Amino acid sequence: MLDRAVINAGPLVALSLLDKLDLLPALFAEIWVPQAVFNEAAVAGIGKPGAGGLQTAEWQSRVRVCPTPDPLLVMELDTGEAEVVSLARQLAPCMAIIDEHRGRRIAQQVYGLPVKGTAGLLVEAHRSGLITAVRPHFLALRVAGYFIAEGVIVAACQAVGE
């Protein structure tokens, strides 16, 4: 795995819902949150599930203004995803952490960035001994109303032998 990552709102909220934001610094030496992503997840999300854990001073120190996104990104992705891809390109080599399929595909296929989502982070955390199982985390996300496709859950559980 790479030492540096830029994370989008979805995975950030998912980890916050699980009270597992501490996995990020355990998996990466540097974790960056584009300003638009922080605003979406922590500022606009005030009072919503998962937003509270993002409003600490520690997370605010990880917020970074990204370069102006490529016009293709602005046309094809939401603002947060576009900033994740732009910042990950600037910080390369860098992992882009995005859950949405379209954003992942564009980051990977168009820009050649390595990509993981919430499921990939949980699998990596399991492999690193940071969590003992992934399935309970997926169940907790579902109970909290966070959507992860059944196929993704099955693949993640198979990847760790659950």
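Thr118 is buried, with a relative accessible area of 1%, where buried means under 20%, exposed over 50% and partly exposed in between, for a 1.4 Å probe with protein chains only. The model is predicted, so that local features need pLDDT of at least 70 and side-chain atom pairs count only at pLDDT 80 or more, while totals for chains, interfaces and linings use all residues. Residues are numbered from 1 along each chain as its sequence is written, and side-chain values use heavy atoms, with hydrogens and water left out.

Leaving aside residues up to four places away in sequence, Thr118 touches Gly10, Pro11, Ala14, Asp99, Leu141, Tyr146 and Ile148, a contact being heavy atoms within 4.5 Å. The two residues placed in helices are set out below, helices (H or I, at least four residues) and strands (E, at least two) being DSSP runs numbered from the N terminus.

| Residue | Helix | Relative accessible area |
|---|---|---|
| Thr118 | α8 (residues 118-127) | 1% |
| Val110 | α7 (residues 101-110) | 48% |

Val110 is partly exposed, and together with Leu72 and Met75 it forms a nonpolar surface patch with about 290 Å² of accessible area.

The largest pocket holds about 290 Å³ of space and is lined by 14 residues, of which Asp99, Arg104, Ala119, Ile148 and Val152 lie nearest its centre. Two or more lining residues come from each of α7, β5 (115-116) and α8, and the largest share, three residues, is that of α8.On the terms used here, a patch is made of residues with over 30% relative accessible area and no salt bridge, like charges being joined within 9 Å and nonpolar side chains (Val, Leu, Ile, Met, Phe, Trp, Tyr) within 5 Å. A pocket is an open set of points on a 1 Å grid over the protein atoms alone, where a 1.4 Å probe fits, with protein on both sides within 12 Å along at least five of seven lines, and lining residues have an atom within 4 Å of a point.

Conventions: Areas by Shrake-Rupley, 256 points an atom, 1.4 Å probe, with all protein chains shown as cover. Salt bridge = Lys/Arg side-chain N within 4 Å of Asp/Glu carboxyl O. Points joined across faces, edges and corners; volume = space filled by probe spheres on them.
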